[in-house]
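Hi,

Here is the structure I promised to pass on. Have a look first, and then my notes on it follow below.

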Amino acid sequence: MKKSVVTSVIAAALLGTAITTTAHYTAQGNSDNAIVQAATVNAVKGDIVCVSNSVHSAAGFYKTPDSVNGQKTQYGAYGSRWTICSVTTDRNGVTWYLLGTDAWVKANDVLVEGKQTSQDVQSVIDLAYKQLGKPYVWGSKGPSSFDCSGLMYYLFKNAAGTNIGGWTVPQESAGQQVSIGNLQAGDLIFWGSRGATYHVGLYIGNGKYIHAPQPGQGVQVASISSYFQPSFGVRVL
């Protein structure tokens, strides 16, 4: 993004005005609909965030920062950009950003502007969507078929130029381990204990992930559930 655009966004946010109406909810600091990519770990008040966790999702806005009993009030449209008014962590350790009146959003549902790796994060997700429907073949690393770890290898190698290893155990060490409650889009998610994981997928935000499940099923989008709960995540980018 050009510096002049960033400057105008920050200025508008300080004035509490919206530059456009890209989002379904008009809150303090909403800006243009450019998809600004970035990953985040330590966001602070005044940072610009982008609703950019997958190409088919919107981020839920909540009246209060509560991951258990929070009431969802609206949605922020994919590609919309906001200024953080406040940051807090709830009793379950989930980080929240306040984007406007009654507009709290989970940190793992948005990306924060400013990290060089952000473009890679979205590129990996975009490439993952392009593989939907391709068949599962054990040991395959693409481009026409995949097993679970082969898909992850293919995505990071071709979209981000990063070699994460060809099967689940080395992929466990490809980045920083994170809890399932603090996943961000672009994270790897694993099933099983470290050193003995048996499945891996790509988290894309809003409780969803892309993976190559098993023989007879193609690459698909799935939702995290208690029935098939992942054990931990790894942040590569």
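A quick word on terms before anything else: I call a residue buried if its relative accessible area is under 20%, exposed if over 50%, and partly exposed in between, using a 1.4 Å probe and protein chains only. Please keep in mind that this is a predicted model, where local features need pLDDT of at least 70, side-chain atom pairs count only at pLDDT 80 or more, and totals for chains, interfaces and linings use all residues. Residues are numbered from 1 along each chain as its sequence is written, and side-chain values use heavy atoms, with hydrogens and water left out.

Cysteines, then. Cys148 is buried at 8% relative accessibility, and Cys85 counts as buried too, at 18%. The model has zero disulfides, a disulfide being a pair of cysteine sulfur atoms within 2.5 Å.

Now the overall picture. Of the 237 residues in the chain, 49% are buried. If you take contacts (heavy atoms within 4.5 Å) between residues at least 6 apart in sequence, 59% of them join residues at least 24 apart. The chain exposes about 10,500 Å², with carbon and sulfur atoms supplying 51% of that; the areas come from the Shrake-Rupley method with a 1.4 Å probe, and for residues only the protein chains shown count as cover.

Strand S2 (residues 59–62) is worth a look. In a regular strand the side chains alternate between the two faces of the sheet. Here both faces are covered: Ala59 and Phe61 are buried on one side, and Gly60 and Tyr62 are buried on the other. S2 pairs with strand S3 (residues 72–76) in the antiparallel sense over four bridges, where pairing takes at least two bridges found by DSSP.

On to the aromatics. I count rings of Phe, Tyr and Trp (its six-membered ring) as a pair if their centres lie within 6.5 Å, and call planes under 30 degrees apart stacked, over 60 edge-to-face and the rest tilted. By that rule there are five aromatic pairs. Trp191 and Phe228 have ring centres 4.7 Å apart and planes at 15 degrees, so they are stacked. Trp191 sits in strand S10 (residues 188–191) and Phe228 in the loop between strand S13 (220–223) and strand S14 (232–235), so this pair ties together parts that are 37 residues apart in sequence. Trp191 is buried, at 1% relative accessible area, whereas Phe228 is partly exposed, at 29%. Ring pairs also bring in Tyr209, giving a cluster of Trp191, Tyr209 and Phe228.

Finally, some backbone details to check in the loops:

- The peptide bond from Gly142 to Pro143 is cis, with omega near 5 degrees. Pro143 is in the loop between helix H2 (118–130) and helix H3 (148–159).
- Asp102 is not a glycine but has a positive phi, near 55 degrees. Asp102 lies in the loop between strand S6 (95–98) and strand S7 (104–106) and is partly exposed, at 34%.
- Asn206, also not a glycine, has a positive phi of about 55 degrees. Asn206 is in the loop between strand S11 (199–205) and strand S12 (208–211), and is partly exposed at 28%.

Cheers

Methods
Helix = DSSP H or I, 4+ residues; strand = E, 2+ residues; numbered from the N terminus.
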